Each structure stands twice: as C-alpha cells, then as structure tokens.
Amino acid sequence: MTASNASAAEPRISNWNLPNAITVARIVLAPVFMWMLLADDGSDGALRWWAALLFVVAIASDGIDGHIARSRNLVTDLGKILDPIADKVLTGGALVALSILGELPWWVTIVVLVREIGITVHRFIVISDHVVAAAWMGKLKTLAQAVAISLALAPFWVLLGDWVLWVNGVFMTIAVLLTIASGIDYVVTAVRGSRADRQVKR
Ligand SMILES: O=P(O)(O)OC[C@H](O)CO
C-alpha cells in the first residue's frame, strides 16, 4: 500500500506532534554540540565532556521519539522522513567535527556521508510514490554509529590510557562496515522493487 492510499483510508495524524518536535529538537541540537566540540581548547576538556553528553542525550532521543510515535499512534510520513535526517545531521556533524579536529580520517567521514546523503536523496526521489522507512539494518547502523561516536567524543583515554583509542577504532570500524552494508541493502531493495513494478506493469 502506498502512503497516499494509506492516508486516504486512515484518520489524518497531525505533523505537529511530540515525536516530530523531539526529532526537530535533535536537528537544532546538532550545531550546538558541534560548536561545543570545536570550541573546546583542551585546557581542562570540560566543554568536550559536555559536548559528548549532549550528543548522547540527542542520539538517545532517536529511540524515544520512535517509541512515543508508535505507542501513541502518532506515526506520520513527515516523521518517517525527518527522523533519519535528524540522525544524519547529528552523526554527520559529529564525524565532520572529529575530522576537523584531526581525530578521524576524512575518508571515513566522506564514505559515511556519501551513503547517508545517497539514501536521503533516494527517499526524496521516490517520495511521490512511497515513503522509504528506516530498515532494520539502517537502525542497527545508526545504533553502531551512536556507540562509536559517543566513545570517540568522550575523552576516556585521558583517564584510562591510550588502549581506549584502540577500542574506539574497533567500534568505529564496525559502524563504518554496517553503514556500507545497510547502504547496499537499500540499493538491493530499491532495485528489486523497481523490477517487480516493471513486471506488474507489463
Ligand atoms: O539508514 P537510514 O537512512 O534508514 O537511517 C536509519 C535511522 O537513522 C534509524 O532511526
């Protein structure tokens, strides 16, 4: 069933609801958190810890808005589109800031951004036909990115030693591999869908 068929059959849910407001707040928090991260001069690292905390709170709200939307029957097409964008603004902003700080190779950030922007562009291209909601692998990818970025942001290595950086590298590698795999998953699903469409039209 397409989004337009569904909305014709069901009562309309307002886009102005709590889950979507939380999603928008996540987008608004992204530049604030980036500023805190980049403004930290390293003297006592306090701003960096606050930036890491803000990121964790903001990315955790991803689970909260989804839960509220489903449990209160407030799922909207706008929310389905906006939620992944909010995640991407936050995680993409964090990766760009880490690369600017010289703590993450730029190629890692670019690979992730190409995948994230690619799926977003695809969502907008097909939006008049159907809404591409987040797939389970996309959700797992966002969770892996959230853990890897949180670890990369919080300067635990100052307290615990350089081995923490090695652990962070392992988590970041898993996140990048899942990012690529889930991107391929969307491409395969899209190609299969368009093939099936063509067969129906024949
Ligand atoms: O991989 P995407 O673009 O479907 O994004 C997944 C969302 O971030 C999950 O909340």
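Predicted model: local features only at pLDDT ≥ 70, side-chain atom pairs only at ≥ 80, totals over all residues.

Colleague: Which residues of the lining lie nearest the centre of the largest pocket?

Modeller: Asp62, Arg70, Asp83, Ala134 and Lys139 do, out of 33 lining residues. Asp, Lys and Arg count as charged, while Ala counts as nonpolar. The volume of this pocket is about 680 Å³.

Colleague: Which helices supply at least two residues of that lining?

Modeller: H2, H3, H4, H5 and H6 each do. The largest share is from H3, with eight residues.

Colleague: How many helices and how many strands does the protein chain have?

Modeller: Eight helices and zero strands. Going along the sequence, you read α-α-α-α-α-α-α-α. The C-alpha atoms fill a box of roughly 65 × 35 × 25 Å along the principal axes.

Colleague: Now the inside. How many residues are in the largest nonpolar core, and which have the most contacts inside it?

Modeller: It has 29 residues, and Phe33, Phe55, Leu90, Ile149, Leu153 and Met172 have the most contacts inside it. Helices H2 (18–39), H3 (46–71), H4 (77–100), H5 (106–125), H6 (136–153) and H8 (163–201) each bring at least two residues to this core.

Colleague: What makes a group like that a nonpolar core?

Modeller: Its members have to be buried residues of kinds such as Phe, Leu, Ile and Met, joined through side-chain atoms within 4.5 Å. Buried means under 20% relative accessible area. In soluble globular proteins, nonpolar side chains tend to be buried together.

Colleague: What does Ile149 touch, leaving out residues up to four places away in sequence?

Modeller: Ile149 touches Phe55, Thr91, Ala94, Leu95 and Met172. There is also a second, separate core of five residues, among them Val126, Val132, Ala135 and Tyr186.

Colleague: Which residues line the largest cavity?

Modeller: Leu95, Val108, Val112, Gln145, Ile149, Met172, Ala175, Val176 and Thr179. By class, that makes seven nonpolar, two polar and no charged residues. H5, H6 and H8 each give two or more residues to this lining, and H8 gives the most, with four.

Colleague: Why is it called a cavity and not a pocket?

Modeller: A cavity is a set of points where a 1.4 Å probe fits but cannot get out, whereas a pocket is an open set. The largest cavity has a volume of about 40 Å³, and the structure holds one cavity of 30 Å³ or more.

Colleague: Last one. Why is Asn73 called exposed?

Modeller: Its relative accessibility is 57%, and exposed means over 50%. So Asn73 counts as exposed. You'll find Asn73 in the loop between H3 and H4.

Colleague: What is the phi of Asn73, and what makes it worth a look?

Modeller: Asn73 has a positive phi of about 55° although it is not a glycine. Most residues other than glycine have a negative phi.

Colleague: And what share of the protein chain is buried?

Modeller: Buried residues make up 41% of the 202 residues.

Notes. Residues numbered from 1 in each chain as written. Heavy atoms only, no water. Buried < 20%, exposed > 50% of the residue type's maximum accessible area, 1.4 Å probe, protein only. Contact = heavy atoms within 4.5 Å. 1 Å grid on protein atoms, 1.4 Å probe; cavity = no way out; pocket = protein on both sides within 12 Å on 5 of 7 lines; lining within 4 Å. Points joined across faces, edges and corners; volume = space filled by probe spheres on them.
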